[in-house]
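Please read the report below alongside the sequence and the three-dimensional view.

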2 protein chains.
Amino acid sequence: MYRIGELAKACKINNDTLRFYEKNGLLRPSDRSDSGYRLYSEKDKEILQFILRAKGVGFSLAEIRELLSIEVDKANNACADVKELVDAKLLDVEQKLAELTRFQTSLTRLSEACCGGEESAEHCTILAALESDTSQVRHEHHHHEAS
Amino acid sequence: MYRIGELAKACKINNDTLRFYEKNGLLRPSDRSDSGYRLYSEKDKEILQFILRAKGVGFSLAEIRELLSIEVDKANNACADVKELVDAKLLDVEQKLAELTRFQTSLTRLSEACCGGEESAEHCTILAALESDTSQVRHEHHHHEAS
DNA sequence: ATAAACCTTTGAGTTAAGTCACAGGTCAAG
DNA sequence: CTTGACCTGTGACTTAACTCAAAGGTTTAT
Ligand SMILES: [Zn+2]
Ligand SMILES: [Zn+2]
Ligand SMILES: [Zn+2]
Ligand SMILES: [Zn+2]
């Protein structure tokens with residue numbers, strides 16, 4: 001069992017953030033000590049890591065709460081409910097993945113096209129990489145000739 | 001050229017959000033009409049879409065501003081600066097991609113394991129799918145036998 | 001030519017997600 | 001048996017990212 005400070009430190013967040021998550025229905029510690037300390041289990045830690053990962057990829061706490069509610073309410077929800085929510089989130093995730101892949105392509109293209117030298121980056125732009133096809137970026141970039 | 005309301009409607013955001021982005025150095029309209037109206041070009045629209053996509057995958061406005069500054073300052077930045085920033089963001093993106101892929105795997109696994117019926121979703125949990133290996137989830141899930 | 005529907009600026013209010021401050025209880029080490 | 005590092009609760013404050021309000025100018029539609 002982790003006490004609040006231990007779990008917070010392990011996950012590099014503020015103690016108050018844990019209390020905040022508890023108050024907002026995201027993560028309730030599995031137990032309390034006699035003196036009232038919050039006691040978090042390994043599973044609690046995994047839930048927290050799930051929350052932090054989800055946050056990192058752009059889910060709001062409300063969305064995360066919704067995802068976690070599957071867990072909490074499993075006895076009172078039908079498989080139909082679960083599947084509906086999961087499939088909706090899956091769509092979200094797949095859309096985000098598509099966007100991110102696009103970003104990755106653009107940034108990679110840009111990074112590869114860029115010489116990394118000390119000259120003016122006249123042709124180095126994210127938007128050029130985003131807007132145009134690969135061919136364009138490679139073509140126009142990087143003459144740096146002595147004028 | 002789009003006027004503020006047109007661009008806002010086209011991109012499904014609030015007019016005020018565009019003014020806000022302008023004030024915060026994210027998107028300045030290419031031109032103004034004689035009467036002072038903001039006039040946005042096609043390129044401005046693409047920048048806006050870039051901003052909205054970036055937001056959607058979890059970049060903060062500060063980070064987006066940084067990405068866009070490559071564009072704005074290109075004449076005053078060396079390729080070295082550009083490459084450094086781009087490579088840093090690329091790392092970010094790749095990390096987000098890894099997380100999202102993990103989410104996708106878990107959600108897909110859960111969705112596939114779930115019958116979608118009206119029975120209690122006792123075994124349907126995100127966390128089970130996240131924590132365990134595929135085998136476990138498939139195994140334990142979905143007996144729904146008449147008790 | 002006048003109302004409706006835009007636009008302008010400045011500045012205040014809201015929501016999400018923390019973060020901090022206060023007043024006091026608990027516990028391990030010296 | 002006290003000091004310092006924890007913990008408790010309640011509630012106020014902060015930051016990011018909008019969102020709205022007020023007061024007035026402009027354009028379009030009838
Ligand atoms: Zn370059
Ligand atoms: Zn170069
Ligand atoms: Zn199911
Ligand atoms: Zn089922």
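Helix α5 (residues 79-113) of chain A and helix α5 (residues 79-113) of chain B have axes that come within 8 Å and cross at roughly 155°, and α5(A) and α5(B) are therefore roughly antiparallel to each other. In this wording, angles under 35 degrees count as roughly parallel, over 145 as roughly antiparallel, 65 to 115 as roughly perpendicular and the rest as oblique. The axes themselves are lines fitted to C-alpha atoms, for helices over the stretch in contact, and the angles run from 0 to 180 degrees between N-to-C directions. α5(A) passes α5(B) in a left-handed crossing, a term used if the near helix is turned anticlockwise from the far one by less than a right angle, with right-handed used if clockwise. The residues of the contact of α5(A) with α5(B) comprise 16 nonpolar, 8 polar and 10 charged ones, where Ala, Val, Leu, Ile, Met, Phe, Trp, Tyr, Cys and Pro count as nonpolar, Asp, Glu, Lys and Arg as charged, and the others, Gly among them, as polar.

This is a predicted model, in which local features need pLDDT of at least 70 and side-chain atom pairs count only at pLDDT 80 or more, while totals for chains, interfaces and linings use all residues. Residues are numbered from 1 along each chain as its sequence is written, chains are lettered from A and ligands numbered from 1 in the order in which they are written, and side-chain values use heavy atoms, with hydrogens and water left out.

A further helix pair links the two chains: the axes of helix α3 (residues 42-56) of chain A and α5(B) come within 9 Å and cross at roughly 120°, which makes α3(A) oblique to α5(B). The crossing of α3(A) and α5(B) is left-handed.

Chain A contains 7 helices and 3 strands, and from the N terminus on its elements run β-α-α-β-β-α-α-α-α-α. Helices (H or I, at least four residues) and strands (E, at least two) are DSSP runs, numbered from the N terminus. Of the 147 residues in chain A, 41% are buried, where buried means under 20% relative accessible area, exposed over 50% and partly exposed in between (1.4 Å probe, protein chains only).

Which residues come nearest to DNA strand C? Of the 19 residues around DNA strand C, these are A:Asp16, A:Tyr21, A:Ser35, B:Gly5 and B:Arg38, and a residue is near a molecule or strand if one of its heavy atoms lies within 4 Å of it. Of the atoms of DNA strand C within 4 Å of the protein, 75% belong to sugar or phosphate and the rest to bases. α2(A) gives the most to the surface near DNA strand C, with 4 residues, and the residues of this surface divide into 6 nonpolar, 7 polar and 6 charged.

Around DNA strand D there are 19 residues, of which A:Gly5, A:Arg38, B:Asp16, B:Tyr21 and B:Ser35 come nearest. Sugar and phosphate account for 78% of the atoms of DNA strand D that come within 4 Å of the protein. The largest share of the surface near DNA strand D, 4 residues, comes from α2(B), and by class this surface has 6 nonpolar, 7 polar and 6 charged residues.

| Residue and atom | DNA strand | Distance to a phosphate oxygen |
|---|---|---|
| A:Asn14, polar side-chain atom | C | 3.4 Å |
| A:Lys55, side-chain N or O atom | C | 3.4 Å |
| B:Asn15, polar side-chain atom | C | 3.1 Å |
| A:Ile4, backbone N or O atom | D | 3.4 Å |
| A:Arg38, backbone N or O atom | D | 2.8 Å |
| B:Tyr21, side-chain N or O atom | D | 2.7 Å |

A:Ser35 is found in the loop between β2 (31-32) and β3 (38-40) of chain A, and at 58% relative accessibility A:Ser35 counts as exposed. The side chain of A:Ser35 makes a polar contact with the side chain of A:Ser33 (3.1 Å); such a contact is a pair of N or O atoms within 3.5 Å, and within protein one must be able to donate a hydrogen and the other to accept it, while residues adjacent in sequence count only if both atoms are side-chain atoms.

A:Lys12, in the loop between α1 and α2 of chain A, has a phi near 55°, a positive value in a residue other than glycine. Most residues other than glycine have a negative phi. A:Lys12 is exposed, with a relative accessible area of 76%.
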